[in-house]
Amino acid sequence: MSATDHTKNYLQGGGLWSWLTTLDHKRIGVMYMIATMFFFAIGGIFALLVRLELFKTGPLFSPDTYNKFFTLHGAIMVFMFIIPVIPAALGNFFLPIQIGAKDVAFPRLNLLSWYIFMIGSFLLVLAVLSGGVDTGWTFYTPYSIRSATSVIFATLGVFIMGFSGILTGLNFIVTIHKLRAPGMTFHRMPLFLWAIYATAIIQVLATPVIGITTVLLVMERVLHIGFFDPKLGGDPVLFQHFFWFYSHPAVYIMILPGMGIVSEVITVFSRKHIFGYHAIAYSSLAIAGISFIVWGHHMFVSSQSPLANFLFSLLTMLVAVPTAIKVFNWTATMYRGSIWLQTPMLYALAFIFLFTIGGLTGLFLAALSVDVHLHDTYFVVAHFHYVMMGGTVMGLLAGLHYWWPKMFGRMYPEGWGKLSCSLIFIGFNLTFLTQFFLGKMGMPRRYHDYLPQYAPLNMASTVGSWFIGAGFLIMFTYFIWSLFKGAKAPANPWDAKTLEWTIESPPTTHNFHKEPVVTTGPYEYGEVKI
Amino acid sequence: MTEHVVPDHFHSAEQAFESSKLGLWLFLVTEILLFGGLFVIYIIYRAMYPDMFHEASRHLNRTLGFINTLVLICSSFTMAMAVNKTQNDRSNRANQYLLLTLMFAATFMVIKYFEYTHKFHEGLLPGAHFSFAEITHPKADLFFSLYFMMTGLHGIHVLVGIGLILWVLVRSNRGDFGSRYSTPVELTGIYWHLVDLIWIYLFPLLYLIG
Amino acid sequence: MIQFFKIFELPRSSTMAGKIDALYDFVFWVSMISFLIIVIGMVYFVWRYRRRGVTPEPTPYITGHTPTEVSVAVVLFIIVMAIFYWGWVDYTEIITSKPGSLEINVTGRQWLWEFEYTNGRKTVNEALVPKGQPVKLIMGSADVLHSFYVPDFRLKQDVVPGAYTKLDFTAIQTGEHQVFCAEYCGTAHSKMLAKLKVVEPEEYQKWQKTWEVEQSLGVQPAQAAESSESRPTGIENPAAPRHGAAPELPAERGKALFTAKGCTACHSVTGQILVGPSLKGVFGHEVDLNDDSRITADENYIRESLTDPQLKVVKGFQPVMPTYKGTLKDEEINDLVAYIKSLGN
Amino acid sequence: MASKQHNADHRKTYFVVWMMLLVFTVITVWVSYHNYGVFNIVVAMGVATVKATLVCLFFMHLKYDNRLNQVVFVASFVFLAIFVGLTASDELFRPVEAVAKVEAVRPPAGNQAALMEKLRNSTPSLIAKGKEIYLSQCMACHGAEGKGNGPAGAALNPTPRDFTSGLWKQGGTPAQVFKTVSDGMAGTPMPPFESLSVADRWALVHFIRSLSPNTPADTPETLKLIGLGEGVSAVSSQALPEIPVDFAIDRMVKEK
């Protein structure tokens, strides 16, 4: 399919104004990607500063500055990068194409959600510039009510970004239900779309609760309404219920899209039909469902009733089952495949390796008695970094490298890709494997300064963070370089079978010249009938 | 009757209508969970301090609450009639019903205004500003915080509803709607019924505690 | 490999520590086995079925095998339910208070722990508990959330303002155990450390008796005429042998007190401004006060700042330092003054 | 869009539904005036749910809508029920001693209030004691004669209160001054002096008021601020350490 020049691709035409007022889901996806990657860089810098402080004992920065660093690292990474990046950037770009549609159901709403996201992030940046926030990204009361830092800017920013998440989720659900091409039944959809669909359901159901929580927190600070303020008769643990009712489903908003991408990449680069399509598809929905009934495992030691601890520990264990099925099925897909170790596949393998560790260490924290020991220690920090960074970010990078040729019509440099992948992988394990042992030895979280016995492991962890920094620096440069100097990308560099590979890269504004009719499933690889 | 053009990424007007209806229902889910948060606080604190809720709720004006409920129910009826008239190409009747709905909504807000000013005057304010001698229970401020949060958020939604109905009325006057295209009227209608539905729960929970 | 993990071992100093470690090890080996199955399988497949040429080799059309998937799910479900049940059983033991436990009131306050025994004795950032006897901490917070965490006991419990929470333990090893604050509570969250000393029961009784005798004589502990041997720690343990050959200098005792009593939470000794002024190079030099007067920071000023901190506050600082009158003995104040003097060069 | 005839009978159902809603509202109000104990809540919620379903099915056309919209709407209530249920499983099932504790945090009506009541009215001995405490705690900012010209006060913004001026920012009655001394003034350098004992603070209050020409008497209104009169509104956290340990202990023993 040579690029037909009579219809320009979506990148060409119109200056900045046409980008800022575009209704094309592909341009909005690219704008989201630029914004979220920029915030990822800022969050990453804060992470390096946090690790720099923890390089050795003794204060490098003052305690308040350190507390602002880890709070802003957490808040920026969670609300401005890891929640929106895969659904809003890659999801926006590829969902309509993969179901054979021209655009999402509500294009104007899509652009509105991008502007709401930018206003929300502007407020959070305002919080950074006006002295930062030192309450931790969880804003636990009563400290978040007492703290003199600009908590109100930060919470309002989160409140507004929540709406962006709701509108995106709403848009995706309606698009998947109403705009699928003829022949594209639910069971012929790629697994990436099942994951995005499950994520959208969580976004629509959970995000309003963080909306009401942030409003109530602002009301606590402004009007002293007293729901969560013990001085006025409220209960701080009730705030934790409200916060985690959203925030635990939010961690599944983060991981599910990553899983969706890995399902795509593993099948394409093993040239084999996915092992257990229905199992993986429905385990995405199962995870979305279970994610709403487990939030109490964050509060085992915060004076929660034994009955609630019993229920939450039992229900949290259920999450392990669908997750394990997915990991098992990905590995089984590679059996007797023809595995092509390109960068996307390397990141997918890194995902399986790191996410398995992340998932299994979740078992330690779900068991009640062990959590009494490990809660709020570096064991928890290591666990969620393995799941979030080892999971979602590895999935994101796999997706970025896999779809880069399609999005920009340029190939990324394969050698540099493999180098930065190995740098990040080594650096990641050095940084966070050590933190498991720090947690086992009882080093609590959010400590500006630690006792001498924790020094060697912390030093190793900081060195590891430099490797990660280097790896990402290389990646950012070669991605920018590839935009201008990268080799021209063919329409289907990986010889994949899903719909986005049947059109030019980069695609034309209306994606398909003729609306596609889908007759087969997304992963019809494998010729030898056994 | 200006011709409504179906956006090109939809196959048919029917699909466009069904999509926007599903979109609105999903939005209503987020509204229910937004208010749900406040209902959770209500349920928890009422179960913890039942006597306080009894004592505090006696200081709410039941008659005004009752009148407000009737007003909202009537506005719901007139809204439903407006949607029905629009679908039957009886747009001037529809405009009248829309106007009636607006009037009911405005009366609701006026009554709310009187209730609020009366409470400010008496000192029944939320949280730390609560200074009302008769109620002795130390946590009575929680009830009034809840009262102002719930009715305040609901009031904001009524204002948004008024804005939407005005916008629909203006376009209906211009003749945009008819039996072929009445999506905005129907969607505004469904949103307005949700606002009424939330008040149907708010009224007994806040005013009618036995 | 087992030896390698030993260096990360914590002492098992409470009845619960062994049980929690047992479940930790069980989950560790279950995870290690499943991790190895997945990773070795993955690496083997990647190596065995790697794409040799440019064109991909023909691959079989396998779409799944429900029985294996179901069996994986069932096996895992049984294992996780076992882990849950084991965790729940141990947890019920953690939260049940044993009758006749020694009750100590703990108050978490922004950046120090206050202990109060039933006989009214108060100590800051330090507590003495008898070995082998169940202890019940009744914990409240005076400001924000804190969490009383003793890694050696594997136990922690959040301290919630507006309610009391309790933490039960039975220490089985004498010695000093570090207490951390595990719930983020602001600026000096990492300095909110305390020491939990476990001693023989008789020694504990003697420790309480000597104090009660002093009290009954109506002698304020701060002015109590100290017997000749002064104690390095704020807590007298008469029977404790004097460790270290040379008699300790007051400055060294003062240094230990400086961290023990939570001074490091607000005053740094490195010149860095925390909540309060830094004490590096202060002794003997002129100091500007809030009321624009200048005084030399001599022994009396430091002593007075310990007992009535709000009288002469250094310029630009808030008078929020808590008073140590009643919790610091006179000779402890002397040690602290000696230590601050040693910082004065 | 729905067909013509279909719309015609819609109007009839709307009218009927409208009437039923009005009737149900009257019923709920009528029921609330009679006390059936817990049955009241059940009736109130039952009727409200019936009204809500009427609005949903007929006014919002859910009855004639496709299955997906119905599932979506019902799902929101399912997840709201999960939120309520599991949060209640914690908040309402906490062990009794912890809940009882919350009550104990209140300054118990017993000795605490009696002490406050006794110390509320000024006595010469209290004023003398207050002067002594004033010189050690307050003189630095408020000046020796209380004119707000203390050496440390000059740099502060806003400058400390001049007691002899008779102006009070937070009220000059004994209870109000006590509250200002105990909780400090947010947004000003005046810190809370909760570390001082209750008796010391009352002494200070009386000494300060002795300097001021304008000393209004307490009203039940102001008494509420510090927990006298019938009830306590603002629970100042320093109430916690004030609790005598034995009270907390025997409260615990009674619970077990």
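## Exercises on chain contacts and one alanine

In this predicted model, the contact between chain C and chain A takes 70 residues from chain C and 78 residues from chain A. Let's work through it together.

**Exercise 1.** Find which elements of chain C give two or more residues to the side that touches chain A, and which one gives the largest share.

*Solution.* 
- Step 1: Look along chain C for helix 2 (15-48) and helix 3 (66-95), then for strand 6 (146-150) and strand 7 (155-159); these are the elements that give two or more residues to the side touching chain A.
- Step 2: Pick out helix 3 of chain C, whose 15 residues make up the largest share of that side.
- Step 3: Sort the residues on this side of chain C by type: 44 are nonpolar, 16 polar and 10 charged.

**Exercise 2.** Now describe the side of chain D that touches chain A.

*Solution.* 
- Step 1: Start with the two sides: chain D gives 15 residues to this contact and chain A gives 17 residues.
- Step 2: Turn to helix 3 (residues 67-91) of chain D, which supplies the largest share of the chain D side, nine residues.
- Step 3: Sort the chain D side by type, and you get nine nonpolar, three polar and three charged residues.

**Exercise 3.** Locate Ala148(A) and decide: is it buried or exposed?

*Solution.* 
- Step 1: Ala148(A) sits in the chain A loop that runs between helix 6 (143-146) and helix 7 (151-178).
- Step 2: Ala148(A) has 8 C-beta neighbours inside 10 Å, so it counts as exposed; the cut-off is 12 or fewer.

Technical notes: Residues are numbered from 1 along each chain as its sequence is written. Chains are lettered from A and ligands numbered from 1 in the order in which they are written. This is a predicted model: local features need pLDDT of at least 70, side-chain atom pairs count only at pLDDT 80 or more; totals for chains, interfaces and linings use all residues. Helices (H or I, at least four residues) and strands (E, at least two) are DSSP runs, numbered from the N terminus. A residue is buried if 20 or more other C-beta atoms lie within 10 Å of its own, exposed if 12 or fewer, and partly exposed in between; C-beta atoms are placed from the backbone. Two residues are in contact if their C-beta atoms, placed from the backbone, lie within 7 Å. Ala, Val, Leu, Ile, Met, Phe, Trp, Tyr, Cys and Pro count as nonpolar, Asp, Glu, Lys and Arg as charged, and the others, Gly among them, as polar.
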